[in-house]
Amino acid sequence: MFTRRHLLITILVSSLACSDNATEPPPPDDPGPSDQVNLPPTRDGTLYEDSGDLGNGAGQFIFTGMTNQPHIRRAVLHFAVAGGSIPAGSTIDRVLLTLNMSRTAGGATVVNLHRLTTAWGEGASDAPGAEGTGTAAAAQDATWTHTFFDSSMWATPGGDFVTTSSANAEVAGTGFYTWGSTTTMVADVQSWLDNPSENFGWIVIGDESAPLTAKRFDSRENDIVDNRPKLTVFYSQP
């Protein structure tokens, strides 16, 4: 016979079951929100196509595109992804590169990032004036012909890099521009985290099809701290 006591026990058991379900934790494989870090470059510079070895390792600016002479300019950037704020074994979720363009020749152009495949250096050279013509390379500078002036050279003058771009952005007037997040940029940074010895950074290539397409961006040595290059990495810890 179903008594009042049986009814009370049934209600109590049902209540406990509901309470347990309400406080059940999320699944253990839930990744949760990404962590974020802003990384400054560890080195940067400009490869000047002009005859002779020119550098600007300690200058306030880096350049892309083609001058009116015409001579090509290519910027190189390196960020220390491993061994710092991002724990080893993390998964890279998103990547954004921010540069400030402080001077421009001509109109809007597309500027591409390509992953470099050879190590390169940064010396103490510091070009005068607006820095567009460079200066005599100093020891360890990356130049159009040298990876480290004047001891080792690029296999191909102008830099050794993957021909497929990792990201691109159209730039026009002065101001801040962002590259990413693309799957290739994420893969680049993930590989740099997992294999630091293969981190050679990116080369920044503008419009090299015609004169007067040069663009000037602020470097890591720029007097205005907020205008310096910045790599923003979103990652999930292991």
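Which residues touch the most other members of the largest nonpolar core?

1. Ile86, Ile92, Leu97, Trp179, Val189, Trp202 and Leu231 do, in a core of 31 residues. A nonpolar core is a set of buried Ala, Val, Leu, Ile, Met, Phe, Trp, Tyr and Cys residues joined through side-chain atoms within 4.5 Å. Buried means under 20% relative accessible area (1.4 Å probe, protein chains only).

2. This is a predicted model: local features need pLDDT of at least 70, side-chain atom pairs count only at pLDDT 80 or more, and totals for chains, interfaces and linings use all residues. Residues are numbered from 1 along each chain as its sequence is written, and side-chain values use heavy atoms, with hydrogens and water left out.

3. Take Leu231. Leaving aside residues up to four places away in sequence, Leu231 touches Val37, Asn38, Leu39, Phe79, Val95, Leu96, Leu97, Val189 and Trp202. Contact here means heavy atoms within 4.5 Å. There is also a second, separate core of twelve residues, including Met66, Ile72, Leu116 and Trp154.

4. Now the cis peptide bonds. One joins Gln69 and Pro70, with omega about 5°. Pro70 sits in the loop between strand S4 (61-66) and strand S5 (72-78). Another joins Gly180 and Ser181, with omega about -5°. Ser181 is in the loop between strand S12 (175-180) and helix H2 (183-194). Helices (H or I, at least four residues) and strands (E, at least two) are DSSP runs, numbered from the N terminus.

5. Look at phi next. Glu131 is not a glycine, yet its phi is positive, about 75°. Glu131 lies in the loop between strand S7 (109-115) and strand S8 (135-136). Glu131 counts as buried because its relative accessibility is 4%.

Notes
Buried < 20%, exposed > 50% of the residue type's maximum accessible area, 1.4 Å probe, protein only.
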